[in-house]
Amino acid sequence: MGWKICKKSTLLILAIIVLAIIPIAIQDEFVFTKVSNATENAEVQANSLEEKLSKILTNKRLDGTTTSVSVMHANTGDILFSENSDRRLHPASNMKLLTSVAALEILGENYQFTTQVRTNGKVKGKVLHGDLFLQGKGDPTLLKSDMKQMAVDMKEQGIRKVKGNIIADDTWYDDERLSQDLNWSDESFYTGAQVSALTLSPNQDYDAGTVIVHVLPQATESGKAIIEVTPKTDYIKIVNRTQIVDADKPKDIAIEREHGTNRIIVEGTMPKKATQVRSWVAVWEPTMYTLDVFQKTLHEEGIDFIGKTEAFMKAAPVNSTILTEKESMPLKDLLIPFMKLSNNGHGEVLTKEMGKVVHGEGSWKKGLAVMEQVMEQFGASTDTMLLRDGSGMSHKNMIPASELLQVLYHVQEQEWFPLFKNSLPVAGVEDRLVGGTLRHRMQEAPAKGNVIAKTGSLKGMSTLSGYVTTKDQQPLIFSIMINNYIGSSEEITAIEDQIASTLAAHELE
């Protein structure tokens with residue numbers, strides 16, 4: 001009897017324990033489910049655009065830099081990501097975005113530059129009695145072939161000789177050849193070429209104010225490499241300090257112009273049968289260089305000067321006669337080499353031209369004032385910007401990424417916007433007049449052919465700003481500015497590419 005009572009008591013206690021455990025187990029399962037769902041939600045959040053970009057920006061290569069990234073929805077203007085976007089940073093060649101926008105707005109897509117041949121004399125028989133003026137009005141695309149056509153036009157008017165002086169007129173712009181912040185060490189390179197209203201380009205890259213120096217592997221009698229210059233001109237002097245060496249020796253050629261002169265020093269070793277070395281070298285005083293090539297072209301086409309002839313610079317008389325003229329390509333076409341190849345000279349010419357057109361003064365001061373007005377028109381606050389040139393070569397230009405995005409957003413409403421966007425480099429496209437400075441970057445989908453943006457690069461600075469479409473077809477505008485980095489530029493541009501590629505692969509919805 002006692003045992004049965006004990007057994008029943010034990011069973012009752014077990015039942016009570018089971019009943020107590022079941023709710024706890026159910027609660028534990030619920031808690032576990034909540035924790036699992038929270039983990040999944042965290043994983044979803046980790047894949048948000050903010051998480052993706054923030055993770056990229058933890059790259060150790062950015063330690064010590066000042067880095068700004070801003071992303072905007074191109075349709076709504078909503079900011080989707082912002083990291084230091086209000087900090088003023090050096091844009092490098094992203095400055096050209098502002099210059100091209102201002103030029104399209106002020107000058108117009110069909111704007112052309114003009115170069116004229118004028119005279120204050122009269123043609124008698126086959127002789128032009130009077131001075132011959134070559135008058136430049138800023139054309140950065142003038143080629144030797146254009147001068148040849150001018151000579152042909154003169155011959156068709158019966159001119160075979162000129163009895164007078166040959167004069168260069170570059171008074172369309174002021175006489176400041178270099179922007180105020182250009183480093184002296186950049187002056188001999190094509191990236192720092194002098195700006196003149198009368199200038200000449202050696203080929204169809206249109207690097208105005210430069211010559212191309214070719215170092216060939218053939219030997220002269222003295223055992224030096226043969227050096228040629230395009231276009232041919234006596235205005236510069238080549239100092240040949242090269243040496244032809246055996247084919248298995250290293251090629252080591254340096255080409256640089258002495259400061260303040262047109263002495264171009266070429267030195268080093270050139271192996272036999274090696275490929276030639278080419279270098280674009282900026283000319284000191286491009287106005288007279290252009291005049292020298294013009295005079296030689298006239299001679300080549302059978303027009304010579306007789307008597308005592310001098311070559312110098314002077315304004316052409318207002319009442320002088322136009323013998324022939326050449327108009328440049330329209331601005332909409334000039335934008336292609338300007339933006340795709342990041343041509344610094346074009347940026348400075350356009351800046352001065354805007355000053356001339358709006359204020360009657362072809363100077364950086366007046367041109368930059370025009371650009372500031374246009375930036376305000378397109379939503380940027382110029383109170384937080386400092387514009388010092390039109391190319392981005394200045395280390396004193398300062399623009400917040402947020403203000404640059406405002407401009408890139410508002411210009412979408414303009415009729416000329418497709419021309420502007422078409423001028424930007426396209427990622428991964430090999431054609432240099434399409435891919436431009438992005439042709440060797442982001443060569444895989446979804447960034448290839450999708451990221452359309454302007455690059456920028458100076459010592460310690462790298463930038464990339466433009467447009468991209470996400471995986472779910474949402475249009476974005478972005479700006480990446482990285483300043484004060486030390487080390488490999490390739491490592492920094494790789495981070496830019498990673499950010500742009502992440503935008504291209506992202507789904508907003």
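Contact here means heavy atoms within 4.5 Å, and helices (H or I, at least four residues) and strands (E, at least two) are DSSP runs numbered from the N terminus. The model is predicted, so to speak of local features requires pLDDT of at least 70, while side-chain atom pairs count only at pLDDT 80 or more and totals for chains, interfaces and linings use all residues. Residues are numbered from 1 along each chain as its sequence is written, and side-chain values use heavy atoms, with hydrogens and water left out.

In H2, Leu49, Lys52, Leu53 and Ile56 meet Ile495, Gln498, Ile499, Thr502 and Leu503 of H11. This contact is made up of 6 nonpolar, 2 polar and 1 charged residues, where Ala, Val, Leu, Ile, Met, Phe, Trp, Tyr, Cys and Pro count as nonpolar, Asp, Glu, Lys and Arg as charged, and the others, Gly among them, as polar. Helix H2 (residues 49-56) packs on helix H11 (residues 489-505) at an angle of about 170°, and their axes lie 10 Å apart. H2 is therefore roughly antiparallel to H11 (angles over 145 degrees count as such; axes are lines fitted to C-alpha atoms, for helices over the stretch in contact, and angles run from 0 to 180 degrees between N-to-C directions).

On the scale of the whole protein chain, there are 11 helices and 22 strands. The C-alpha trace spans about 150 × 60 × 35 Å along its principal axes. The radius of gyration of the protein chain is 32 Å, whereas a compact globule of 509 residues would have one near 23 Å (taken over C-alpha atoms, with the globule rule being 2.2 Å times the number of residues to the power 0.38). Of the 509 residues, 52% count as buried, that is, under 20% relative accessible area with a 1.4 Å probe and protein chains only.

Helix H6 (residues 331-340) is largely enclosed by the rest of the structure, because 8 of its 10 residues are buried. Among them are Leu331, Leu334, Phe338 and Lys340. The buried residues of H6 pack against helix H3 (95-106), helix H7 (344-359), helix H10 (417-422) and strand E20 (452-458). Just after H6, Ser342 takes a positive phi of about 55°.

The largest nonpolar core holds 49 residues, and those with the most contacts inside it are Leu98, Val101, Met375, Val411 and Phe420. Such a core is a set of buried Ala, Val, Leu, Ile, Met, Phe, Trp, Tyr and Cys residues joined through side-chain atoms within 4.5 Å. H3 gives the largest share of this core, 7 residues. Leaving aside residues up to four places away in sequence, Met375 touches Leu98, Val101, Ala102, Ala380, Thr382, Met385 and Val407. A second, separate core of 40 residues includes Met147, Val281, Val293 and Leu323.

Several backbone details deserve a look as well. The peptide bond from Thr230 to Pro231 is cis, with omega near -10°, and Pro231 sits in the loop between strand E11 (225-230) and strand E12 (237-245). Ala445 and Pro446 are also joined by a cis peptide bond, with omega about 5°; Pro446 belongs to the loop between H10 and E20. Tyr206, although not a glycine, has a positive phi of about 60°, and Tyr206 is buried at a relative accessible area of 10%.

Note on methods: Angles under 35 degrees count as roughly parallel, over 145 as roughly antiparallel, 65 to 115 as roughly perpendicular and the rest as oblique. Buried means under 20% relative accessible area, exposed over 50%, partly exposed in between (1.4 Å probe, protein chains only).
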